[in-house]
Each structure stands twice: as structure tokens, then as C-alpha cells.
Amino acid sequence: MKIEKKKILRFLSLCLYFIAAFLVFVVLQFPFDRVKSRIESEVRARTPLELSITRITARFLNRFTLVDVVLSDRTGRVLFESSAIKAHLSLLGFLRGLAVMDFSGPAYDGELTVKAEQGPKRNLWSVDASGLNLTNYKLLKLMGYKIAGTMGGNFDMNNGSGKGRIWFKNLASRELKVMGFPVPDLDFEQGWIDAEVKGDRLMVRKFELDGKELKVKASGDVVLRERGTMNLAIKFKPSERLAQEQAGLLSLVKNKDPEGFYQLTLGGTVSEPMPRL
């Protein structure tokens, strides 16, 4: 009996050894360069964006690290970048014919997590972010915006439709201009956006910014194309000091509700917005 037990243990040990050796061989021989090129080409073919990954390294059989990830538009403007993103491929989903991936990593002094599930009839995306520092977002600086604060939130997409909520904390703008008009320096303690997407249409259910000097509310629809139409109802309430300072500009806005909010509509297109006072 003892001899049989020893043989079984030896057999199991050899099996585990060969399995471990096989997994190490698979990881070492895995064509990471081809996978990297395939991911970059898929993003280029399916979106108007460019994805660059310096290299992919293995952490385990189904866990990888994407090093120096940069997402940009076709003109080269960087939209997102991260020094390292951890990726996890679900083996159970793979056996069911689905590509189920989780991505997570640092971004702009915060954390970003993306979950994706791709299959013949499924196209699910989920994005969760927290503590992103807007001061470190280079695109805002390139566009000439001096904006500080932190943001986060979550957004879920399912076959072209989705909804989510984005929040802001300690948001501040300096030397801002809107349609050529200077905007006074503003600070907001908090703010949030509740929105839905259907196809190329963004429906802003609720947008609010809450500050001591200014409170802003908005809702409406925007077609997400360069010449896409927009129809946003905007309400804002300045403090007494700001109202006196901007009395000339506020005199152009005729509508004012009983709560003291000035009202206007922003129409036109995404590339050429047109306020209706």
C-alpha cells in the first residue's frame, strides 16, 4: 500500500513538473510582438484613433502588462497615456468563445479600470476611473485651457448604447475664453454629469457645477460628429459679486427663472456652437 502511494505521489509530481514546464515554455515562446501589432492594427482599423504600446510582458499564463501605452488621434494629439496597464484574460470566457479582458493601471495620478467582453453577439465595455488629476492631462494644456481638479466616474457600453456618471472635485479654471469672450476665473467645489449614449447621440440627463461664485445646470442632446447638431438648455446663477462684475454681459440674457437662474439655449453644431439668448 505504501509503495502504491509513493508511486502515485511520484506520478503526480512528474505531471505537475511537466505542466509547469509546459506553461513556462508557452509564456516564453508566446508571440507578444505579433499580439501587440494586432491590437494596434485593430484599434487603427475600427476607430479614428492610434494606439501605441512599447511592449507586452507576461506576468502569468493569462496575465500581461502593457508597457508605455499611448492613445492618440490621427493628428498625433495624445488623448490618453499610462506607463503600465495590467491585463487579465478570462480563460473561462475564452473557452466559451468570448474575449473577456480586464485592464487596470495608473493614469494621471489616479486609477483607471476597463472591462471588455467581445463575442459574436456581445460588445460590452465598462470604464471606471477615480482620482484623475486634470492638471496632468496634457491635451488640455495643448488646447490652451488652464484647468485643475480631479475627476472620476463610470460608464458602461452595450452594443452601441450606454450610460454613466462622471464627477468632478475642486474644479478650477483660469484665463478661460468661450467663443472669444473672456470668462472670469471660477472655482467649483463639485460637479457631475449623468449621460446616456445611443449610437452617435449623447443625451445629457443632468449636468451640474456647484461653486460659491457660480452654479451651472444643463441638459440636452449632442450628436457626436464634427458637424453634429447640439441642443443644450443651460441655466446659471452667479453670486451677487459676480453678477455686479459681469452686469454688462448678463444684460444680454433676458430669461431668468424665479430661483435666480439665467437661462439660455446652446444650439448650432459641435464645431460651430450658437447660443440663443
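How many salt bridges does the count come to by this rule? The count comes to 15 salt bridges, a salt bridge being a side-chain nitrogen of Lys or Arg within 4 Å of a carboxyl oxygen of Asp or Glu. The close-ups below show some of them. This is a predicted model, where local features need pLDDT of at least 70 and side-chain atom pairs count only at pLDDT 80 or more, while totals for chains, interfaces and linings use all residues. Residues are numbered from 1 along each chain as its sequence is written, and side-chain values use heavy atoms, with hydrogens and water left out.

**View A. Asp73 and Arg77 meet in a salt bridge.** Look for Asp73 in strand β2, which covers residues 63-73; strands here are DSSP runs (E, at least two residues), numbered from the N terminus. The N to O distance between the two side chains is 2.9 Å. Asp73 also has a polar side-chain atom 2.9 Å from the backbone nitrogen of Arg77. (Buried means under 20% relative accessible area, exposed over 50%, and partly exposed in between, using a 1.4 Å probe and protein chains only.)

**View B. Here is what else surrounds Asp73.** Its side chain makes a polar contact of 2.7 Å with the side chain of Thr75. A polar contact is a pair of N or O atoms within 3.5 Å; within protein, one must be able to donate a hydrogen and the other to accept it, and residues adjacent in sequence count only if both atoms are side-chain atoms. Leaving out residues up to four places away in sequence, Asp73 touches Pro48, Leu49, Glu50 and Leu79, where contact means heavy atoms within 4.5 Å.

**View C. Glu175 pairs with Lys146 in a salt bridge.** Their closest N and O atoms sit 2.9 Å apart. The pair links distant parts of the chain, 29 residues apart: Glu175 is in the loop between β8 (161-174) and β9 (176-178), and Lys146 is in strand β7 (residues 146-158). Glu175 is exposed at 57% relative accessibility, while Lys146 is partly exposed at 46%.

**View D. Arg165 and Asp194 form a salt bridge between two strands.** The closest N and O atoms are 3.0 Å apart. Arg165 lies in β8 and Asp194 in β11 (residues 186-198), so the pair ties together parts that are 29 residues apart in sequence. Both are partly exposed: Arg165 at 37% and Asp194 at 22%.

**View E. Arg44, Glu50 and Arg74 are linked in a network of salt bridges.**

Technical notes: Helix = DSSP H or I, 4+ residues; strand = E, 2+ residues; numbered from the N terminus.
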